[in-house]
Amino acid sequence: MDALTAAGLGAVGGAVIEILYVWSSLTAWQQARRKARSKRKGGKLPRLDEYLDPVADSLVAATRLALGAAACLLFKDQITGTMAAIAVGASAPALLRQVGTLRSLRQIPDAPAEQAREVAP
């Protein structure tokens, strides 16, 4: 998969997650409005800005799209299809967090050499 396609599909995966977040927030707002309407006539309905923060949500969405694109670029040689690329983009924050907690590759080969030095008289 070429780099541009991988980045684009990764961003699509990030966008899917953000769309689901907005949808869940809108659904919660809808439920709160229905509940408020059923309890009292003419009462104050919940405002949309109590459920969505356009500035913060936009920044998080942009960051998620960038992370999705970056994750797909990082793993583009292992990604074999469109759905896999979208899945990598959707899971990018967790995937990159996991990669960031792995021991560095430089430390892994040094471990046997250090053990051999400890055993040698």
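## Exercises on a helical model

Leaving out neighbours within four places in sequence, Leu9 is in contact with Met1, Thr82, Ala85 and Ile86. The model is a predicted one, and the exercises below walk through it.

**Exercise 1.** Find the largest nonpolar core and say which elements supply it.

*Solution.* 
- Step 1: Start from Leu9, which belongs to the largest nonpolar core.
- Step 2: Look at the elements. Helix 1, helix 2 (54-74) and helix 3 (82-90) each give two or more residues to this core. Helix 3 gives the most, with three residues.
- Step 3: In soluble globular proteins, nonpolar side chains tend to be buried together.

**Exercise 2.** Decide whether Ser25 is buried or exposed, and find what Ser25 touches.

*Solution.* 
- Step 1: Locate Ser25 in helix 1, which covers residues 3-39.
- Step 2: Apply the cut-off. Buried means under 20% relative accessible area; Ser25 has 8% relative accessibility, so Ser25 counts as buried.
- Step 3: List the contacts. Setting aside residues up to four places away in sequence, Ser25 touches Tyr51 and Leu52.

**Exercise 3.** Describe the protein as a whole: which elements does it have, and how much of it is buried?

*Solution.* 
- Step 1: Count the elements: five helices and zero strands, in the order α-α-α-α-α from the N terminus.
- Step 2: Turn to burial: of the 121 residues, 21% are buried.
- Step 3: Finish with the surface. The accessible surface is about 8,600 Å², and carbon and sulfur atoms hold 64% of that.

How values were computed
Residues are numbered from 1 along each chain as its sequence is written. This is a predicted model: local features need pLDDT of at least 70, side-chain atom pairs count only at pLDDT 80 or more; totals for chains, interfaces and linings use all residues. Side-chain values use heavy atoms; hydrogens and water are left out. Helices (H or I, at least four residues) and strands (E, at least two) are DSSP runs, numbered from the N terminus. Buried means under 20% relative accessible area, exposed over 50%, partly exposed in between (1.4 Å probe, protein chains only). Contact means heavy atoms within 4.5 Å. Accessible areas come from the Shrake-Rupley method with a 1.4 Å probe; for residues, only the protein chains shown count as cover. A nonpolar core is a set of buried Ala, Val, Leu, Ile, Met, Phe, Trp, Tyr and Cys residues joined through side-chain atoms within 4.5 Å.
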